[in-house]
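Please look at the sequence and the model before reading on.

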Amino acid sequence: PLKLYCYTFFQKTINMETFDIDQTLISTCKFPLHEHRLKFLRFCILAHREQTRKYTGELYIAHCIDVANLVYTNVYGNDDLIEIAFGHDLIEDTSVVATQLLEVLLHCGYNIHRATWILHGIVLLTDKFISNVYPNLNRSTRKELESIRLSKIEPNILCVKICDNLSNMPSIWYHDKDFYLTYRNEALIKLKYIHLKYSTNLRLWPYLEKLVNLLEEKITKENW
């Protein structure tokens, strides 16, 4: 698949229909699109091309771009978080594997340091406690173990995960009130472990603190 992806995008053999979709999606980006980022974004669009959102039917990559927009407007000082944000579901939800992803990032023009950092972030945000690996654990147990793991990752990468929650919850709340209660409780468990990890030191990470407070406020008020 990697050769096909690179051939399709980097040799410019895309059909007009795909190009139009790309342009529509790209126009929704609030963040700057330099040459490397634009190449990687278009790769992500292709990797997710057959996936749609459960409730709305919109292209799944629109969610990934929304997460990146939230990161861009709420977290400052680490430009590559944008790439981690719109690529956060590549390994979890597509056929792309980590070794391929590193090669793609290098092909897009990122140096080895930046490419490795972006890959590191995406790997950390990929669920580890999944049902086919832990078939004897129920969803609630797996999600709690995932929350414990996520609370220990780098604070700036954790910001991306909270932006993922902020992007997902409005659609779930509007379309599926029953599942919203489950997702809401899972988000609260995640916040609990973040508070346990950082205790009174959360203020030392102002962007994480801001997003934690925002998610807590929206959950409490159901202000979606």
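Does I130 count as buried, partly exposed or exposed? I130 counts as partly exposed because its relative accessibility is 31% (buried means under 20% relative accessible area, exposed over 50%, partly exposed in between, with a 1.4 Å probe and protein chains only). This is a predicted model, in which local features need pLDDT of at least 70 and side-chain atom pairs count only at pLDDT 80 or more, while totals for chains, interfaces and linings use all residues. Residues are numbered from 1 along each chain as its sequence is written, and side-chain values use heavy atoms, with hydrogens and water left out.

**Salt bridges**

The whole structure holds ten salt bridges (a side-chain nitrogen of Lys or Arg within 4 Å of a carboxyl oxygen of Asp or Glu). Three of them are listed here.

| Pair | N to O distance |
|---|---|
| D79 and R37 | 3.1 Å |
| E83 and R37 | 3.0 Å |
| K192 and E144 | 4.0 Å |

K192 lies in helix α11 and E144 in helix α9, so their pair ties together parts that are 48 residues apart in sequence (helices are DSSP runs of H or I with at least four residues, numbered from the N terminus). Salt bridges with shared partners join R37, D79 and E83 into one network. D79 counts as partly exposed, at 43% relative accessibility.

Key
Helices (H or I, at least four residues) and strands (E, at least two) are DSSP runs, numbered from the N terminus.
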